[in-house]
Amino acid sequence: MDIREISAEEITQAVKKLFMDCNYYIGEDISQAIENAQKNEELQIAKDVLQQLIDNNRIAAEEQIPLCQDTGMAVLFVEYGDKVVVKDGSFKAAVEEGVRRAYIDGYLRKSVVTDPVFDRKNTKDNTPAVIHTEIVEGDKIHIVAGGKGFGSENMSAIKMLTPSAGVEGVKKFVLDTVTHAGPNPCPPMVVGVGIGGTFEKAAQLAKRATLRPINTSNPDERYASLEEELLTEINKMNIGPAGLGGKTSALGLNIETYPTHIAGMPVAVNICCHAARHKEVTI
Amino acid sequence: MKKITFPITNEQLKDLKSGDRVLATGYLYTARDAAHKRMYELIQNGEDLPIDINGQTIYYVGAAPAKPGYAVGPCGPTSSYRMDKYAPSLLDLGLKVMIGKGMRNDEVIASMVKNGAVYLVAIGGAAALIAKSIKKSELICYKDLGTEAIYRYEVEDMPLIVAIDSEGNNVYVR
């Protein structure tokens with residue numbers, strides 16, 4: 001395979017479009033799940049809240065305005081083909097410029113502060129993004145992107161379970177984390193679970209899981225059935241839409257896994273709100 | 001659906017019960033994490049606040065920028081528990097209504113009961129819809145905080161739910 005040149009500007013334009021689109025247009029997987037839940041709910045307040053979300057997402061799409069004011073911190077999972085060379089710039093700078101233009105030109109909220117503890121000064125363009133890059137074979141760049149709101153991010157948790165905890169330990173930790181989140185993360189939630197790897201790998205898997213469409217299942221049947229089982233358990237919690245009760249506490253639950261150490265079984269739970277924004281592109 | 005005004009009257013406030021759905025018209029102030037921290041520090045130092053909050057309403061929100069032709073950008077509620085550390089001091093100064101989403105801690109609820117205040121919630125994530133009930137937005141202070149500055153919103157039929165009433169009844173405790 002030959003070396004392929006991609007211009008920095010093309011990457012910038014693609015990233016800009018990803019973040020504007022994901023903040024204006026909710027994905028088909030989420031909108032379908034909300035509509036199904038609205039029909040399925042019996043409690044009037046739950047039906048009404050879900051109807052408000054349907055109306056809200058329609059207004060956002062029609063008027064091209066953000067569906068939630070928390071347009072998030074920009075997160076990107078990049079598969080970077082090893083035959084790609086960026087022309088007229090660097091990949092990192094091109095991505096940051098795309099984020100900058102999306103948040104400024106697209107009337108998205110600038111929610112990023114410089115230093116987490118001391119300065120906390122707004123960077124005014126929502127940069128820097130959080131970029132997870134994996135070098136893969138090929139001559140393309142694949143990007144999965146999402147604007148991650150922090151009302152739900154703050155409800156996330158990680159635990160270094162050990163092997164004897166087994167699948168029951170995984171279930172307990174996921175359900176405990178969701179119970180603790182309760183009405184705070186803008187339910188109905190989307191729950192991302194990362195199992196395996198190391199401490200940081202589990203967290204990354206959990207984030208990646210929130211960006212996978214919720215109408216897809218883990219390819220391993222055992223995890224696919226665990227996804228279903230946990231979602232069913234969560235929807236028995238009566239948290240409900242907006243935390244006001246009902247059968248819809250979560251719209252979806254995705255699990256991603258990775259091999260791990262003989263001594264460990266890390267589990268991370270990344271909570272996302274119903275505004276689970278994700279878009280992808282291949283350049 | 002009950003109709004209320006902001007600033008709220010004593011009669012309206014006493015009439016609100018946990019779980020009630022209301023439409024609010026009038027004006028309120030916005031403030032979230034950074035503005036609360038500043039106001040809290042002023043109170044600690046015995047200094048005056050930039051706004052007289054006695055009898056007033058605070059909405060926990062940081063709006064997205066308004067597109068041209070819009071009064072305000074999308075502006076749904078942010079999680080209220082992050083303001084729990086600061087809320088009792090403001091309630092002691094006469095703050096009557098807090099609007100946000102999610103749970104409050106026991107200290108805030110006790111202070112609400114003591115001071116006769118209510119906690120209302122808006123639907124988290126319904127920001128584009130909620131913005132339709134905001135008719136005007138005016139910057140009051142802390143401009144340097146950007147989206148976290150204090151604004152005065154004029155609202156009309158803003159859809160809200162009473163989460164915790166002035167007797168401490170809590171919609172989230174079932």
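This is a tutorial dialogue on reading the fold of chain A and its contact with chain B.

Biologist: What kind of model is this, and how are its parts labelled?

Modeller: The model is predicted: local features need pLDDT of at least 70, side-chain atom pairs count only at pLDDT 80 or more, and totals for chains, interfaces and linings use all residues. Residues are numbered from 1 along each chain as its sequence is written, while chains are lettered from A and ligands numbered from 1 in the order in which they are written.

Biologist: How many helices and strands are in chain A?

Modeller: Helices (H or I, at least four residues) and strands (E, at least two) are DSSP runs, numbered from the N terminus. Chain A contains eight helices and ten strands.

Biologist: What does the radius of gyration of chain A agree with?

Modeller: The radius is taken over C-alpha atoms, and the globule rule is 2.2 Å times the number of residues to the power 0.38. For 283 residues a compact globule would have a value near 19 Å, and chain A, with 19 Å, agrees. Its C-alpha trace spans about 55 × 50 × 45 Å along the principal axes.

Biologist: In which order do the strands of the open sheets stand?

Modeller: Two strands pair if DSSP finds at least two bridges between them. In chain A, one open sheet of four strands has the order 6-9-7-8, with mixed pairing. Its edge strands, each pairing on one side only, are strand 6 (157–161) and strand 8 (250–260) of chain A. Strand 6 and strand 9 (residues 265–272) of chain A are antiparallel over five bridges, and Ala157(A) has Val269(A) as its bridge partner.

Another open sheet of four strands in chain A has the order 4-2-5-10, also with mixed pairing. Here strand 2 (residues 73–81) and strand 4 of chain A pair in the parallel sense over seven bridges, and Val78(A) stands opposite Thr133(A) in strand 4.

Biologist: How many residues does each chain bring to the contact?

Modeller: Two residues are in contact if their C-beta atoms, placed from the backbone, lie within 7 Å. Chain A brings 31 residues and chain B 29 residues. Helix 3 (residues 44–63) of chain A supplies the largest share of the chain A side, seven residues.

Biologist: Which classes make up that side of chain A?

Modeller: Ala, Val, Leu, Ile, Met, Phe, Trp, Tyr, Cys and Pro count as nonpolar, Asp, Glu, Lys and Arg as charged, and the others, Gly among them, as polar. The side of chain A that touches chain B has 16 nonpolar, twelve polar and three charged residues.
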